[in-house]
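Please find below some notes on the model, for use alongside the coordinates. They are grouped by region.

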Amino acid sequence: MTSPYQYPSSKPARYLRPSSYSLNPHLVLAALLVLSAVLAGCATAPGMPGDPVLTAKSGSTPVPVLVPEPAAGAEKQIAEGPLKALTPGRVTAQQVAAAEPPKELWDRIRRGFAMPDLQGELVTEREQWYASRPEYMQRMTGRSSKYLFHIVEELERRQMPTELALLPFIESAFNPQAVSSAKAAGMWQFMPATGKDFDLKQNIFRDDRRDVLASTRAALDYLQRLHRMFGDWHLALAAYNWGEGSVGRAIAKNQKLGLGTSYSELSMPAETRLYVPKLQAVKNIVANPQAFNTELPLIENHPYFQQVEITRDIDVALAAQLADIKIEDFKALNPSAHRPVILAAGTPQILLPWDNAIVFQRNFEGHRQGQFASWTAWTAPSTMNPTEAARRTGMSEPELRSINNIPPRMLIKAGSTLLVPRSGKVAQDVTSHVADNGHVSLAPEIVTRRTTVKARKGETVATLARRYGLTAASVAGWNNVSASSSFKVGKPVIVYLPLKSSAPRASTRARPHVKAVKRSTRQSVVKSKRR
């Protein structure tokens, strides 16, 4: 008997042999429905083997399907026996992960923990230390709420362990203005030289070691480099604290002695020995705050800030005003701006709370009252004292010293860049060259006193200048003679010698130049021995 059901091809298809049984009308109708569905599906590509949609669950009755005519010479396999009732196939599928992201950032951080845990007494001791200081923990975690989302985003993008988002707790308690006794700065605590190695600008207008985005980028770059060097996150963290050279030498020493080279087996300073246990303790508290009677503040899993472009130099106070936020909140997001003005050529973006960014843009575009910046940069044309610099820039000397951090008894060297008031005549913003390279170079201000000395036999301007460490031109000018002149024996010669007023009186006998200065106050002739 020939089946009336055919594949859409030139070759006939064979169905289950019907000759040994009589057809039940209900079964025929069901078979027709199934066959129609199969034929309709022939227009699309068949599923891959093992596709769960096409695989029935183990134990269920297989659904009859059309079998293509085998090739010539191949053995034909035809199912024997009576037809059985069709039963619906049940689809199996693996468990699908929840598509909804965590609502709290702490939960997101927990999901990304990937570093091996460190055990030991040092960890337990640090856990107790943090848990016994709830106010400190609240203050520290409260500060972190502005920065954590960005750090976690960067870690996940780089596929790094999210424990590293907790590292600023150890480094700076999440204070971007923190400065250590060793001059490390920012929440990631970069030393000046290391900061320069990772392209963190440091000049009179900004310090990128404090910048939220730049310092985070540099810190993660550095940690990735250290992990590639040592192949272990605990050793990478030790190197971040102690230096890669120090960790490398400690490993080489242990290898030479046949000892282990893990973090806990190396000999290292106490600070580095505690470094990873501190991070582990904070990690444990974040993982299970209830176990330590600690309450973490709610930090929602969404951005806290966004970048906003600025096209003009702008005072920090005005930027905060246009954004409608407190100036301390503005500085918390833009801590690298440690001067009262932000230069657009050097810092073309600022960070603002998400909702305040739109407010700032609207107010910035509509600002018509006065100028954006009341400060600008001025380059000293020659070496001068602060009094002269203040006179030229229209400032008082105390104000110039204060705004540019110039200590007493210092000279401003030529080429130094100072922050000065912006007058109405100055229409242009500071150039990118000055914004990126501005610096202040200072030299000790030497206070001198007029002194009269007697010329020796054969004394010339050059020999007398050499005796007192002066220039021949200066000696010649003070005495109205040429630089090649000579003096008669005993002729009084005018010189200006440095005054060291801070020198102890008892030590003046041991220093001929101080003794000479002291005698000059009595208008006496100085006789100094050749040294």
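Leaving aside its neighbours within four places in sequence, which residues is L351 in contact with? Point 2 gives the list.

1. Basis. This is a predicted model, in which local features need pLDDT of at least 70 and side-chain atom pairs count only at pLDDT 80 or more, while totals for chains, interfaces and linings use all residues. Residues are numbered from 1 along each chain as its sequence is written, and side-chain values use heavy atoms, with hydrogens and water left out.

2. L351. Apart from neighbours within four places in sequence, L351 is in contact (heavy atoms within 4.5 Å) with V212, L213, F305, Q306, Q307, L333 and N334. L351 belongs to strand β4, residues 349-353 (strands are DSSP runs of E, at least two residues, and helices runs of H or I, at least four, numbered from the N terminus). Its relative accessible area is 5%, so L351 is buried (under 20% relative accessible area; exposed is over 50%, partly exposed in between; 1.4 Å probe, protein chains only). L351 and L213 are 138 residues apart along the chain, yet their C-alpha atoms are separated by 9.2 Å.

3. H150. This residue of helix α5 (residues 148-158) has 19% relative accessibility and therefore counts as buried. Beyond four places in sequence, H150 is in contact with L213, T216 and F305.

4. Cores. A nonpolar core here is a set of buried Ala, Val, Leu, Ile, Met, Phe, Trp, Tyr and Cys residues joined through side-chain atoms within 4.5 Å. The largest has 65 residues, and W106, W188, F190, L223, L237 and Y240 have the most contacts inside it. Helix α8 (residues 212-230) supplies nine residues, the largest share of this core. A second, separate core has 22 residues, including I403, L419, V430 and V434.

5. L223. Setting aside neighbours within four places in sequence, L223 is in contact with M160, L164, L167, W233, A236, L237 and Y240.

6. Strand β7. Of the five residues of β7 (residues 417-421), four are buried, so this strand is largely enclosed by the rest of the structure. β7 runs antiparallel to β5 (residues 375-379), and five bridges join the two (strands pair if DSSP finds at least two bridges between them). W375 has P421 of β7 as its bridge partner.

7. Helices α3 and α4. α3 (residues 121-131) packs against α4 (residues 134-144) at an angle of about 85 degrees, with axes 7 Å apart. α3 is therefore roughly perpendicular to α4 (65 to 115 degrees). W129, Y130 and A131 of α3 meet P134, Y136, M137 and M140 of α4 in this contact.

Technical notes. Axes fitted to C-alpha atoms, helices over the stretch in contact; angles between N-to-C directions. Parallel < 35°, antiparallel > 145°, perpendicular 65-115°, else oblique.
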